[in-house]
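Visitor: Please put the model up, and then I will ask about its core and its sheet.

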Amino acid sequence: MAVTRTFSIIKPDATRRNLTGKINAMLEDAGLRIVAQKRIHMTADQAGKFYEVHKERPFYQDLIKFMTSGPVVVQVLEGEDAVKTNRDVMGATNPADAAEGTIRKAFAENIEANSVHGSDSDENAAIEIAFFFSGTEIVG
Ligand code: ADP
Ligand code: MG
C-alpha cells in the first residue's frame, strides 16, 4: 500500500457541536495526517457543484441547504491508502448502520447530518482536493 491523499469535510452538524478536535483526534488515531485544513462557510453554488453527482437524488436540495447551514472544515488527509483508511474510520453513511468506533457511530445525528464527508476513490479525491485547495496550501 502506498501513502496517498484524500479529501475530508467536517460537516455543519459537527462544527455546531464543537466536535472538530474530537473528530481530528479520531482521524489522527486512524493513522491519517491532516496536511491541509481550513474552516469555511460554503456557498450554495460551491455545495451544489461539489455534490453535483447527486443532483438527481431526492435529497440533493436538502443536502445543499444542510451543507450551507453553518461552517465546515475542509481537509486534506494523508496516509496509507488514505481513501479507504478514512472511509473505514468514518463509518457507514447512515449512522444506524455505522460500526462501533467510527466517527459517524459516535457523532452523526442522522443519514444527512452525518458529521463527515470522505472521498470515495483516488480519482475523486484529486478532484475534490483541487476544488477547495491550491497546491501551496497543502504541506505534507
Ligand atoms: P457518503 O457521504 O457516505 O459517501 P453518499 O455519497 O451516498 O454518502 O451521500 C452524500 C451525502 O448525502 C451523505 O453523506 C449524506 O449527508 C447525504 N445523504 C445520503 N443519502 C441520503 C438520504 N437517503 N437522505 C438524506 N441525505 C442523504
Ligand atoms: Mg460519497
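**Core and sheet**

Visitor: Which residues touch the most other members of the largest nonpolar core?
Guide: This is a predicted model, in which local features need pLDDT of at least 70, side-chain atom pairs count only at pLDDT 80 or more, and totals for chains, interfaces and linings use all residues. Side-chain values use heavy atoms, without hydrogens and water, and residues are numbered from 1 along each chain as its sequence is written. A nonpolar core is a set of buried Ala, Val, Leu, Ile, Met, Phe, Trp, Tyr and Cys residues joined through side-chain atoms within 4.5 Å, where buried means under 20% relative accessible area with a 1.4 Å probe, protein chains only. Among the 22 residues of the largest core, those that touch the most other members are Phe-7, Ile-9, Met-42, Met-67, Val-74, Phe-132 and Phe-133.

Visitor: Which element gives the most to this core?
Guide: Helices (H or I, at least four residues) and strands (E, at least two) are DSSP runs, numbered from the N terminus. Two or more residues each come from β1, β2, α3 (44-50), α4 (60-67), β3 and α7 (122-132). The most, five residues, come from α4.

Visitor: How many residues does the second, separate core have?
Guide: Its members include Ala-82, Val-89, Met-90 and Val-116. The count for this second core is 14 residues.

Visitor: In what order do the four strands form the open sheet?
Guide: Two strands pair if DSSP finds at least two bridges between them. Strand β1 (residues 3-10) is joined to β3 by eight bridges, and β2 (residues 33-40) is joined to β3 by seven. The pairing is antiparallel, and the order is β2-β3-β1-β4.

Visitor: Why is one side of β2 and of β4 left without a neighbour in the sheet?
Guide: β2 and β4 (116-118) stand at the edges of the sheet. One side of each is left without a neighbour because each has a single partner strand.

Visitor: How many residues of β3 are buried?
Guide: Strand β3 spans residues 72-80 and is mostly covered. Within this strand, Gly-79 is the bridge partner of Thr-4, Leu-77 stands opposite Ile-34, and Gln-75 stands opposite Ser-8. Of the nine residues of β3, the number buried is eight.

Visitor: At what angle to β1 does helix α5 run?
Guide: Axes are lines fitted to C-alpha atoms, for helices over the stretch in contact (heavy atoms within 4.5 Å), and angles run from 0 to 180 degrees between N-to-C directions. Helix α5 (residues 82-90) lies across β1, β3 and β4. Its angle to β1 is about 40°.

Key
Chains are lettered from A and ligands numbered from 1 in the order in which they are written. Buried means under 20% relative accessible area, exposed over 50%, partly exposed in between (1.4 Å probe, protein chains only).
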